[in-house]
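This report concerns side-chain packing and open space in one protein model. Please consult the sequence and the structure shown below while reading.

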Amino acid sequence: MPVHGFSPVTIVNTLLIFVLDKLFGLYKNPAPWGMIFDASLLLSVAALVYLPVSVLFVYLFIALALLRPLSWREWIIGLMGLAAPFFFLFVYLFLNDSLEVFM
């Protein structure tokens, strides 16, 4: 196995660095909606690349609970960011008649 090469784990680790950057920028931010959506979107793309990353969805909401006061809008924005890449993937697969192959 080559040591220097691309694998799903290296791509996911790079995306997770960007997710952490977005999450740490949430503290005392007056308008965090874009950062929450970006972090959840990047985390969802990372889960598409490497499925075990989907465990970190829970950590996204723990970070929201710790860094921000409770606001239902921010949680809904996080859920929309998590669902968007999966929705677009399923639409693409449905339009190309390959959804049953993916399932």
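Which residues does Ser40 touch, not counting residues up to four places away in sequence? Ser40 touches Leu60, Ile77, Gly78, Gly81 and Leu82, where contact means heavy atoms within 4.5 Å. The model is predicted: local features need pLDDT of at least 70 and side-chain atom pairs pLDDT 80 or more, while totals for chains, interfaces and linings use all residues. Residues are numbered from 1 along each chain as its sequence is written, and side-chain values use heavy atoms, with hydrogens and water left out.

Ser40 is found in helix H2 (residues 33-49); helices are DSSP runs (H or I) of at least four residues, numbered from the N terminus. The Ser40 side chain reaches the backbone oxygen of Phe37 at 3.0 Å.

Phe61 and Trp75 form a stacked aromatic pair, 5.2 Å centre to centre with 20° between the planes (ring centres within 6.5 Å, planes under 30 degrees apart; the six-membered ring is used for Trp). Phe61 lies in helix H3 (residues 57-67) and Trp75 in helix H4 (residues 72-95), so the pair ties together parts that are 14 residues apart in sequence.

The table gives relative accessible areas (buried under 20%, exposed over 50%, partly exposed in between; 1.4 Å probe, protein chains only).

| Residue | Relative accessible area | Class |
|---|---|---|
| Ser40 | 0% | buried |
| Phe61 | 15% | buried |
| Trp75 | 27% | partly exposed |

Note on methods
Rings of Phe, Tyr and Trp (its six-membered ring) pair if their centres lie within 6.5 Å; planes under 30 degrees apart count as stacked, over 60 as edge-to-face and the rest as tilted. Helices (H or I, at least four residues) and strands (E, at least two) are DSSP runs, numbered from the N terminus. A polar contact is a pair of N or O atoms within 3.5 Å; within protein, one must be able to donate a hydrogen and the other to accept it, and residues adjacent in sequence count only if both atoms are side-chain atoms.
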